[in-house]
Amino acid sequence: MLVLKNVSKKFGDFTALEDINLEFNNGVYGLLAPNGAGKTTLIKMLVTLLFPTKGEIEYNGVEITSLDEQYRNVLGYLPQEFGYYKNYTPEKYLNYLAALKGLDKNESKKRISELLELVGLGDVTRKKMKKFSGGMIQRVGIAQAMLNDPKILILDEPTAGLDPKERGRFRKILTTLARDRIIILSTHIVSDVESIANEIIMIKNKTILYKDTVTNISATLDRKVYEAEVAYSDLYRMREKYQILSERQERENMTIRFITRDQPSEKWKMVTPSLEDVFLYVYEDDDTLAGSAK
Amino acid sequence: MRVIWYEIRKLLNWKVLGLVLLISLLFFELFLRFDFEHFPNGRPLGDIFNVTKQMINKYGQEMDEKEFQDFKETYKEEVDRANAYLQSRDDFVEAGVTTYEQFTNMDYEDKVANELFEEVMFEKGIDVFWELQSREVIMESYEVRKEFFKGETAQIDDPEWKRKILDGSINEILPSFVVENYNNLITMLSILIILSVIVVVSRIFITDQRNNTLYLQYTTNIGRKLFKKKLIASMITSFLITNMYIGAFLILYSFNGTQIFFESSLQSFYANTVNWLDITFFQYIYITIIGVYLLAFVVAAIATYLSRTVSNYISLIGVQIPIAVVLILLIFEYLVSNLFNIAYPMYITIGTYIGLIALGAAILTARWRKERKIDIV
């Protein structure tokens, strides 16, 4: 079990996170917040790249910095900016990282080949990575994170720059890996985590806003989300009056999805709120979007 | 060890080795080839070189007063040979030059005398005349050796040290140009080694910083200890580079044929400088090579530190240029060339080495302490 107790992080005078309390058991956790909200800061503390200014992070009851390499041995990490040597082949690069992870040379050979198969790179193990697409590089990133069969797998914005097909493939891989381990997946793309995360964590104003299931978080907007078909001439008025979640054009009219606590009009259709609705609602005019904590 | 090996292989990639090879070839052509190919450089140095080698074969490393008398006898025999040569030449007889003494006292303003001299010395290059000239230089050096030493060391108040040299190694045979040739070569070689170490080792952290692999490296089992592993890799790499250069250098230098002087003291009667240490030429070579290794390690330490702390290639180059310039100047002054020369107090030489090593150790220790608690942002 991974626990954060009253964790704060400051960079000089700037407070990135404040009094974070979290608990992670086996399962997939989606860390969902806009860019600049402090996701990467939180993740970097979880992977020991940053040290909390205040508070403690414990794994199975022991502070992670005192566990030192024992903690890092159970850790798999895919950073937001996955670094690699473009003249290396995935096989060579994974062998290097296996050495850094202290894995046995012969065992890691087998493991590397299994993992590259798992992420669909079995036929390019000896091709230089400079020829790889963004999706292929990201899959190398996942393979390296899994090298030591980690108990805690932390992926920071793993789908950034991937096309929808690659993102689908990525979610499939994650589902395969999701047994018997903690997976923390940070993203600002709701669809990346909506279907696979056991729990969603949302950060706002430097603290944890929600840590709950997709259903429960979505339920916070129950009976408040509506869809309505409006003429273009009414669109401006609707925008002024309600918080619009989405708009789509349908023939001569626009279908808008919006939030209101007002008495609903008969023309409106009440809809089941989604995680995306909550995300858009929560982070509308959010000042963390202007932040720069990484 | 596996990680260190990987790091070394990363440093020694073929592109970098190609660049180092290019720098080495350029350096060899510009600064080293001459001292290998033209040693001893012309006449009479070549003749002096041969005569001094004959002397060692005959007298051993040292020539005492008795042996000096023998050397003078040999000189006289050579004079007789020169006389016989001159007397065998009608043109010299006709010009009234039948002895070596007359030959050396010829009026070179005179066209005929000058032509005769040019022919003997340069066109035909008659060995005995060059050899005699060489022997005269050697005899003169030997005769004034003590005065020269006393003059050079007049400011040094250490009678015991002076007495020891005057009673011993000042009689030894080692032409100054042999040491100068070695000094030229080892100086340029050490500069080449330093530049190569900088080029190769400077990449140790910065490439990983630039392409974000540090995030991965620092979250693995090795964690913050990566700094130590990379430092060891830098040191081993600089050791390998230095070994390679020193190895190649010693092979090439062996063709200069100076081995016969290895056991002679640097304080020989033919020395044109005085050293604090009364050591043999071989010991001097040994010490300068140790000095080169130390400098390579210091440079590797500084390059590793800067590679970790500087954020881009331009800054890394910019910071290292003044460091390299200062080191090169010090190498020229006393760190390798003229090591232990009395031109500088010995504590300056030793102090500079200790200072450089202490500086390297201090910045690395400070960095290692910081490394354990620094945020990797």
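Chain A contains eleven helices and 14 strands. Its C-alpha trace extends over about 70 × 45 × 35 Å along the principal axes. Of its 294 residues, 38% count as buried. When contacts in chain A between residues at least 6 apart in sequence are considered, 71% of them join residues at least 24 apart.

The confidence of the prediction for chain A averages a pLDDT of 89, and 97% of the residues score at least 70. Residues 288-294 of chain A, however, have a pLDDT below 50, although this stretch has 21 contacts in the model beyond near neighbours in sequence. Where pLDDT is low, the predicted coordinates should not be read in detail.

One local feature of chain A concerns its backbone. A:Asn60 has a positive phi of about 50 degrees although it is not a glycine. This residue lies in the loop that links strand S4 (54-59) with strand S5 (62-63) of chain A. A:Asn60 counts as partly exposed because it has 13 C-beta neighbours inside 10 Å, a count that falls between the limits of 12 or fewer for exposed and 20 or more for buried.

Where the two chains meet, 24 residues of chain A are in contact with 19 residues of chain B. On the side of chain A, the elements that give two or more residues are helix H3 (69-72), strand S6 (75-78) and helix H4 (90-100). Of these, H4(A) gives the most, with four residues. By class, the side of chain A that touches chain B comprises twelve nonpolar, five polar and seven charged residues.

Chain B is divided into domain 1, made of segments 2-40 and 174-373, and domain 2, which covers 63-166. The C-alpha centres of these two domains of chain B are 43 Å apart. Their contact takes six residues from domain 1 of chain B and ten residues from domain 2 of chain B. The side of domain 1 of chain B that touches domain 2 of chain B has four nonpolar residues, one polar residue and one charged residue.

The interior can be followed next. In soluble globular proteins, nonpolar side chains tend to be buried together. The largest nonpolar core here has 143 residues, and B:Val197 and B:Val299 are those with the most contacts inside it. Helix H11 (residues 176-201) of chain B supplies the largest share of this core, 15 residues. The core also draws at least three residues from each of domain 1 and domain 2 of chain B. Apart from it lies another core, of ten residues, which includes B:Ala82, B:Leu86, B:Phe92 and B:Tyr100. Returning to B:Val299, and not counting residues up to four places away in sequence, this residue touches B:Ile194, B:Val197 and B:Ile198.

Helix H17 (residues 346-373) of chain B has 28 residues, which at 1.5 Å a residue should span 40 Å; its end C-alpha atoms are 41 Å apart, so the two values agree. The buried residues of H17(B) are B:Thr349, B:Leu356 and B:Leu364. They pack against helix H14 (226-254), helix H15 (281-309) and helix H16 (313-335) of chain B.

Burial in chain B also extends to a charged residue. B:Glu131, in helix H8 (residues 127-143) of chain B, is buried because 22 other C-beta atoms lie within 10 Å. Leaving aside neighbours within four places in sequence, B:Glu131 is in contact with B:Asp47, B:Val51 and B:Glu78. B:Lys164 is 33 residues from B:Glu131 in sequence, and 32 Å from it in space, C-alpha to C-alpha.

The last features concern the backbone of chain B. Most residues other than glycine have a negative phi, and most peptide bonds are trans. The peptide bond from B:Phe39 to B:Pro40 is cis, with omega near -15 degrees, and the bond from B:Arg43 to B:Pro44 is also cis, with omega near 10 degrees. B:Pro40 is placed in the loop between helix H2 (14-37) and helix H3 (45-59) of chain B, and B:Pro44 is likewise found in the loop between H2 and H3. B:Asn212 has a positive phi of about 65 degrees although it is not a glycine. The loop that holds B:Asn212 runs between helix H12 (203-210) and helix H13 (213-218) of chain B. With 15 other C-beta atoms within 10 Å, B:Asn212 is partly exposed.

Conventions:
Residues numbered from 1 in each chain as written. Chains lettered and ligands numbered in written order. Predicted model: local features only at pLDDT ≥ 70, side-chain atom pairs only at ≥ 80, totals over all residues. Domains from an automatic or database assignment. Contact = placed C-beta atoms within 7 Å. Core = buried A, V, L, I, M, F, W, Y, C linked by C-beta atoms within 7 Å. pLDDT = per-residue confidence, 0-100. Expected span 1.5 Å × (residues − 1).
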